[in-house]
Amino acid sequence: MPIVSVQNAKKTYGSGFEALKGVNLDIETGEILALLGPNGAGKTTLISTICGITQPTSGKITVDGHDVVADYRAARRVIGLVPQELHLEPFSPVRATVSFSRGMFGLPKDPKLVERILRQLSLWDKRDAAVKELSGGMKRRVLIAKALAHEPRVLFLDEPTAGVDVELRRDMWRVVDDLKAQGVTIILTTHYIEEAEAIADRVAVINQGEILLVEDKTKLMAQMGKKKLRVELASPVTELPDSLGGYDLEISKDGTAITYSYDAKGEGTGITQLLMELASAGLVLQDLKTQQSSLEDIFVDLVSAQ
Amino acid sequence: MNVNAVLTMYRHEMSRFFRTLAQSLISPVLSTSLYFVVFGAAIGRSIDNVDGITYAAFIVPGLIMLSVMTQAVSNASFGIYFPKFIGTIYEHLSAPVSFFEIVVGYVGAAATKSLFIGTIILGTAFFFVDLQITYPLAMVAFLVLTCISFSLMGFIIGIWADNFEQLQLVPLLVITPLVFLGGSFYSISMLPPVWQTVSLFNPVVYLVSGFRWSFFGAADVPIGLSLLAITVFTGICIGVIWWIFKTGYRIRS
C-alpha cells in the first residue's frame, strides 16, 4: 500500500483558479520522490493539500491509510512539512521553537530527541540563539528540525534548497540521504533538475495542475533520454554535404564539429551509416564524443510539449 | 482532544507575555494609576459621591474593565495575527490540532494575561482608594467572563485582520469608544434621558454595570440583565468563531 495516495485530487481557489486538475499520485514507503514543475505548476498546492494547509475541492487523499480530511489527526501525525518560505518566529530560541513543533503534534517534551535532531543538522551550537540571529541556511535547517521534531514517517520538503549556496545544497542532500536511511519517505519539490537527478528515486512532473508523468528516475532517463554524438572534424566545414541531408545534424559555429542527435533505445541508431557517409563525403574525423540527455532536457521537452 | 498541543500553544503565548513582563504590566498599571490620580484624587474631589460611593472608588470597576477589555482584545488579536503575519500559521494548519484547540490555546492565554492585568490593577487600586468588594465571587465571575468574551472577540479580529492597520482599527474605532462611553467613569443616570437610552444599546454598559454591582451592590442596570448581556455577547463571539471554523475564513483556503 502506498504511504501517500492522491486520487483525482482537484483544487479550485475562491478566485476560480484551478490549481489541481485531478491529480493521481501514489508515493511508496521509503522512497524519495522529486516533484518537478515550473513556477505555478501546482507543486506547493499539491503539498499543501496533502498536509492540510488547504482543503481539496474534490478527490481523495490518504496518508498511511488515513484520509487527510476525515481522519486528519492520524494523517497529519505521520507528516512533517518544511515550507518553501522561511516561516519562523524571529525571537524564539532554536531549541524552544523545535520543542514547540513537537508539542503541536501532541507529544510530550523529549530533550534528548531534540538534541539529536539539532546535532544531526549542525544546529546544536546555536540551540539557545534566537532565530533572527541565524543565517538563511541555518534558518532552513531549523525548519527541517521543526519538521522532524515529531519523528514523521513522511517528510515534505518544498523547495528546500531554493536560494541556498552549493555547499549548503549538498549538505541538505546529505541530510535527505540520512533520513532515507532511517526509513523516512521524502517528497521533494524543486525546480533544480540536478537536485532531482542527484537524490530522487522517482520523478513526477507536474505542470498546469496536472501530473504529466511519474517514473523511476534512471528508467526515465534511459527511456526518454536522447543521446548526442559530437563528431569533431580535422578541418572546418561551412555546410553539410547533400548526402547527409537525412540526418538530424547541427554544425558548430566555427564549423569544426557536427552534432548528431539520436535515440539510443531506437532500433538503429544510424551511427555506423553516418560515419560511413561522413567518410565518403571526404570529411576527416578527429574525435568522437557521446552525451546523454539530462533530466532537464527531458523536463523541458515534456513541459513544452503540453 | 490534543491536550498537549493546547498546552503548547498556551505556554508559548504566556512565555511571550512573561518575556516582556515589564512592558506587559508597567503600561496598564501606570496608565491606570494616572487615571486614579487624575480622576480620583484631583478631579474626583470636586465631584459628589455617586450612588453614595466616593468618585475615586466608583471608577475602580470601570477602570479595571477598561484595561481588561482592551488588553484581552489586543492580546488575543495579536496572538493569532502574528503567526498569520510571519507565516508560521502553517504549523497550526498542518499539525493534528482542531480549530477548537487553537481557539482554546490562544484565547485561554489572552484571557489569562488580561485576568492577570485586571488583578494587578485591582491590587493597585487598594493603594489609592478605600475599597470593599460586596460580592467577591460575582466579581471574579464577571472578570473571568469578560476576559474570555473579549479575548474571543480579539481572536476574531486577529483572524479577520489582513494588516496591522486593520488589527488596530477595531480596538481604536469601536472598542475604545464603547468602553469610554460604557459608564467606566460615570453612572449613566448622570446623563440626559436621551443619552441614557442611547447608552442602553452599548453592550459594555451592562458589563461595567454588572462588575460595579459586584463591588458596591448598586448598578445602572439590573444584574440579571448584565448577566444576560455578557452571556449573549460570549454566545455571539462563539458563533462567529464557529462560522470561521466551518468555513476556514481567512485561515484555510
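Select G248 of chain B, the residue that follows helix α10(B), and look at its backbone, where phi is positive, near 70 degrees; keep in mind throughout that this is a predicted model.

From there, step back along α10(B) and select residues 223-247 of chain B, a helix of 25 residues that reaches 36 Å from its first C-alpha to its last, close to the 36 Å expected at 1.5 Å a residue. Within this helix, colour S226(B), I230(B), F233(B), C237(B) and I241(B), which are its buried residues.

Next, move to chain A and display the open sheet, whose 6 strands are arranged in the order β6-β7-β8-β3-β9-β10 with mixed pairing. At the edges stand β6 (79-82) and β10 (210-216) of chain A, and because each has a single partner strand, one side of each is left without a neighbour in the sheet. Looking along the sheet, you can follow a twist that averages 15 degrees from one strand to the next.

Inside this sheet, select β7 (residues 154-158) and β8 (residues 185-190) of chain A, which pair in the parallel sense over 5 bridges. Zoom in on D158(A), and you will find its bridge partner, T189(A), in β8(A).

Finally, bring in two helices of chain A. Helix α1 (residues 43-51) lies across β3 (32-36), β6, β7, β8 and β9 (202-207) of chain A, and runs at about 150 degrees to β7(A). Helix α5 (residues 136-148) of chain A lies across β6 and β7 of that chain, running at about 170 degrees to β6(A).

Notes
Residues numbered from 1 in each chain as written. Chains lettered and ligands numbered in written order. Predicted model: local features only at pLDDT ≥ 70, side-chain atom pairs only at ≥ 80, totals over all residues. Helix = DSSP H or I, 4+ residues; strand = E, 2+ residues; numbered from the N terminus. Expected span 1.5 Å × (residues − 1). Buried ≥ 20, exposed ≤ 12 C-beta atoms within 10 Å, placed from the backbone. Pairing = 2+ DSSP bridges. Axes fitted to C-alpha atoms, helices over the stretch in contact; angles between N-to-C directions. Contact = placed C-beta atoms within 7 Å.
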